[in-house]
Amino acid sequence: MRITTAVLWAAAVLVGLQTSTSSPDNFVDHSSQNLSSVPTDLPPTAEFLDLSCNYIHQLHKGDFKNTAHLRFLNVSWNSLEEIDPETFLDTPLLEHLDLSHNRLKNLSGQQYLLHTGNLLMLDLSSNTFLTMTLGSEFSGLVKLEKLIVGAKNISVGDFKNIAKVKLRILTLSLEDELYYEAGSLESVRAEKLQIAFGSNQKIDHNLTDDALSIFDEVEMMNMKYGYKELSKHLRQRVAIKTSGFYLTNISIEWADLTEYVNVALHTSFQHLGASDVNIMNPPQHETEVTKTSKVKSFTARRAAVSSFLFSQEALYKFFISMPVESVAITESPLIHMTCPQTQSNIRKLDFSNCAMSDSIFSSVVGEKIVECENLSNLKNLTLVGNNLKNLHLLSKRLQYMSSLENLDLSVNSIGYDGLLECIWPSSITNISLSSNSLTDSVFKCLPNRTQILDLQNNQISVVPQAIFKLRYLSSLNLNANRLRDLPVCDAFPILQRLMLRSNALHAPSVNMLESCPKLNFLDVSFNPFTCTCALRSFIKLAIKSETTSSPTGIELLGWPQGYYCSYPEDVRNSTLRDISIPEVSCNVGLLAATILVPAGILIITVVMLCYHLDVPWYTGMIWQWTRAKHRARMQQVRPEDLVGLEFHAFVSYSQHDVDWVHNFLLPNLEGPAGGLRVCHHEKHFVPGKTIIENIISCVEKCRRSVFVLSAHFVKSEWCHYELYFASHQHLTLGTDSIVLVLLEPLPQYLIPSKYYQLKSMMNRHTYLEWPQDRAKQRLFWANLRAALQTDLPNAPVTQTQE
């Protein structure tokens, strides 16, 4: 009984945790701590308090004054004898109270219940109650759903104070020496009666009669004896109100079990069930089962045999041959199930969590495997959690089940290699293959009229396009697979619901959805989304789906809570709705336009400003000045190279340009600003010598030769001679001795062919252009002086003419 109480308490706590928003910190466990009283330091946030298996004799007023939120209290397995009437005055939310296995004595004196109006479950079993007389305080428990109680004597009128309480379950924990008065339960209003037998308790006929005539469901627990009496009693009963009859935690002989089942099948029961069954002396030969019955379903859970030497075939045939619509044998070590010998009326079979193999329903005749043809009325087949492995073989096992509509093969080890064609009955519309070892090839082995397909938790990485069409498929569950993108719906023309949660989708291709015109619901939550440009279209779709009048017509399930970024790091764990990916960063054309247009405008503006402010000219002039300075520093002029040089420059110009030379050139070179020595023919040609001799003499005395180029210059014969001798000296000495000054624009075509040397110089040498703008002339003279500047050791000799 102690184990049963612990299980009930655990179940109550589990239900409470599921319906509560409380945290696990609100569970306080003080069980098995040798306590003699309720601890005074209970946390005020406590909702679940376990004080079981201690030595608490009394509960006093104020024991729970600090636990106003208490909802679950377990004080079972103590030595509790007395409870103060105001003990639970401070716990108005209390819903589950377990006081079982104590020493409480009087069921009519439980005054503390006056302050427990919100109780849903009350356990008073295994105390020292002599009579079942419930006191008036029980009438206030209007919310009570489950009452567990026991006493040695149960009489008429004992339950009158709960006549108005609508219980869901009443559990009678019977004592070994029970006195039950017929009709004692007539005032009880409960949907289900549980009768928990003591260790040596036998069937009480009066109690059984009342149970079967008053309650819709009856469950007998912990029976060890009296199965023959039970079968006899059921055989003699004519009027039975009970529709569901169940046996729990029993040990029974195979002969007694089959007799009980055959008798029960002839009653008016609608549902038979048994759980935690230990079958002793299993069959060696086939056992007959009745051919007709009013019973609709038979359920067995956690059934096992205590012997290994028996006929498995006989055991399987008994259950598969039952004349009911539904048979469920679950959590039992069944390794096989045979085919009925005749056409069966069974419409629903459930062999969940057994040990079934791929040979299910088949038989071997000689060397031939014979498939089952006697389950043609079967509509629902559940084989969850077995040892099934081959999808192709399973299709063969089921091929003759022509009425089969719903098939559940989840939680197995099923695979399919795609080599052999599957043979499914065409009637299947709903198939679950979740939690198996299936890959992409599974789409070649599916019933062609499937409407609902569950393939979650497999190893599918892509939905192949080259598959036959599932024209009727409306719901496809591919959660927890390995898909990297949305599937194409060409093979599923009326698909309405697509589940892709927990796959490997980084950036779903929204354009894939164009092939799914009927799609209404899409779930791609909890995928590792990469929040880059490729995801912008999906985010737009998701945001549009928030409105009821979404233009896409698709509702995105789990949005936005289940949609997070996994990359880049700076937005990891941010919801997709909260991030922003600018369009300019994703559109190459727009990005280029954004960069190039401002850059182009800037360049044009700079060019125009430069042109307006003559920046190119200034730049060129500064460059020439810098080069001249650099050349002057880098060139090592030897003293012997300057011997005989008296002038910095010889100026050659046309007589038509004499005004510019006298008014501008000479003052800026010879004056205080320049300090240069300039030789020109008007001042330094020696009378009596020929012009050619004067030209040669002047060129030889000057370190540089400056030629003032203009249209008149190229027409002058003497200028041509001066240029010729200067260029000859340049070639002889190997120095950069010629400086060209362009007084006015001089196109190449205006230069006569005989001036080929001038053309060559203008192409090879940088020349200085005379600016008309006075603001630029200052830089012009600085460049020219820099080109001519050098230290001459000898001053010119002044000649006196007589």
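Which side chain makes a polar contact with the side chain of T171? Keep that in mind as you open the viewer, and remember that this is a predicted model.

**Stop 1: T171**

Select residues 167-173 to bring up strand 10, where T171 has its place. Now show the side chains of T171 and Q194: these two are the partners, with a polar contact of 2.6 Å between them. Next, color T171 by accessibility. Its relative accessibility is 5%, and because buried means under 20%, T171 counts as buried.

**Stop 2: helix 4 and helix 5**

Move on to residues 254-264, which are helix 4, and residues 312-320, which are helix 5. Their axes lie 12 Å apart, and the two helices pack at an angle of about 15 degrees. That angle makes helix 4 roughly parallel to helix 5. Look along the pair and you can follow helix 4 as it passes helix 5 in a left-handed crossing. For the contact itself, select W254, L257, T258, V261 and N262 on helix 4, then L315, F318 and F319 on helix 5. By type, this contact has 6 nonpolar residues, 2 polar ones and no charged ones.

Why do several of the contact residues sit on one side of a helix? An α-helix has 3.6 residues a turn, so residues three or four places apart point the same way.

**Stop 3: around helix 5**

Stay with helix 5 and ask how many of its 9 residues are buried. The number is 7, so helix 5 is largely enclosed by the rest of the structure. Highlight A314, L315, Y316, K317, F318, F319 and I320 to see the buried ones. Then show their cover, which includes helix 4, strand 16 (297-305), strand 17 (326-330) and strand 18 (348-350).

**Stop 4: helix 10 and helix 15**

Finally, jump to residues 658-670 for helix 10 and residues 774-788 for helix 15. Here the axes come within 10 Å and cross at roughly 60 degrees. Helix 10 passes helix 15 in a right-handed crossing. Show W660, F664, L665, N668 and L669 in helix 10, and you will find them meeting W781, L784, R785 and L788 in helix 15. This contact divides into 7 nonpolar residues, 1 polar and 1 charged.

Terms used
Residues are numbered from 1 along each chain as its sequence is written. This is a predicted model: local features need pLDDT of at least 70, side-chain atom pairs count only at pLDDT 80 or more; totals for chains, interfaces and linings use all residues. Side-chain values use heavy atoms; hydrogens and water are left out. Axes are lines fitted to C-alpha atoms, for helices over the stretch in contact, and angles run from 0 to 180 degrees between N-to-C directions. Helices (H or I, at least four residues) and strands (E, at least two) are DSSP runs, numbered from the N terminus. Angles under 35 degrees count as roughly parallel, over 145 as roughly antiparallel, 65 to 115 as roughly perpendicular and the rest as oblique. A crossing is left-handed if the near helix is turned anticlockwise from the far one by less than a right angle, and right-handed if clockwise. Contact means heavy atoms within 4.5 Å. Ala, Val, Leu, Ile, Met, Phe, Trp, Tyr, Cys and Pro count as nonpolar, Asp, Glu, Lys and Arg as charged, and the others, Gly among them, as polar. Buried means under 20% relative accessible area, exposed over 50%, partly exposed in between (1.4 Å probe, protein chains only). A polar contact is a pair of N or O atoms within 3.5 Å; within protein, one must be able to donate a hydrogen and the other to accept it, and residues adjacent in sequence count only if both atoms are side-chain atoms.
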